[in-house]
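Thank you for making the time this morning.

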Amino acid sequence: KQWYQRRVRGNKIKNITFYAGNAKSAVPRVVNNIPKSPETRIVAIVDPPRNGLHADVIACLRKNEMIAEIVYVSCDIKQISDNIVNLCCPTSNRYQGDPFRFVSSVAVDLFPHTKRFEVIFHFQR
């Protein structure tokens, strides 16, 4: 078993599921298999590579109304701008579902003595 599965079991956490894979193919599969319920409120945590989330992934996140919040971890502040626009733009043929709105962000210096840092963005519907 993976270390995170052992830790979850050891801490008796029962309301978490881990998925691994290419986001473009995994996210739609995961999101479309979530049982639909008015009480379901999902917080999606994404940590894409430097070039950001693929447009198909953003479209999938936007379309699923059960996703109420997104925590987006970015290692390249220049590349996230298109993703922010697409998460927050008005509903269109490409990006259906209610748009997200920017709530907050924080920069985290995980790599001292380098020019690199992570920025964590919080979006809500």
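Which residues of α3 are buried? Please keep in mind throughout that this is a predicted model. The buried residues of α3 are Val-57, Ile-58, Ala-59, Cys-60, Leu-61 and Arg-62, and what covers them includes the helices α2 (23-32) and α4 (80-88) together with the strands β1 (42-46) and β2 (67-74).

To place that helix in the whole, the protein has four helices and four strands, which run α-α-β-α-β-α-β-β from the N terminus on. Of its 125 residues, 33% count as buried, and among contacts with a separation of 6 or more, 65% are between residues 24 or more positions apart.

Arg-62, which lies in α3 (residues 55-63), deserves a moment. Arg-62 is buried and yet has no salt bridge, the nearest side chain of opposite charge being that of Asp-98, 7.0 Å away. Its side chain does, however, reach the backbone oxygen of Tyr-95 at 3.2 Å.

How many salt bridges are there, then? The count comes to three.

In one of them, Glu-69 pairs with Arg-41, with the closest N and O atoms 2.3 Å apart; Glu-69 sits in strand β2 and Arg-41 in the loop between α2 and β1, so that the pair links parts of the chain 28 residues apart. Glu-69 is buried, at a relative accessible area of 11%, whereas Arg-41 is exposed, at 53%.

Asp-56 is partly exposed at 31% relative accessibility, and Arg-94 is partly exposed at 40%.

There is also the salt bridge between the side chains of Glu-65 and Arg-125, at 3.8 Å from N to O. Glu-65 lies in the loop between α3 and β2 and Arg-125 in the segment after β4 (118-124), so here the parts tied together are 60 residues apart in sequence.

Finally, the cysteines: the count comes to zero disulfides. Cys-75 is in no disulfide, since the nearest cysteine sulfur, that of Cys-88, is 19 Å away.

Note on methods: Residues numbered from 1 in each chain as written. Predicted model: local features only at pLDDT ≥ 70, side-chain atom pairs only at ≥ 80, totals over all residues. Heavy atoms only, no water. Helix = DSSP H or I, 4+ residues; strand = E, 2+ residues; numbered from the N terminus. Buried < 20%, exposed > 50% of the residue type's maximum accessible area, 1.4 Å probe, protein only. Lys, Arg positive; Asp, Glu negative; His and termini not counted. Salt bridge = Lys/Arg side-chain N within 4 Å of Asp/Glu carboxyl O. Polar contact = N/O pair within 3.5 Å; in protein donor to acceptor, adjacent residues only side chain to side chain. Disulfide = S-S within 2.5 Å. Contact = heavy atoms within 4.5 Å.
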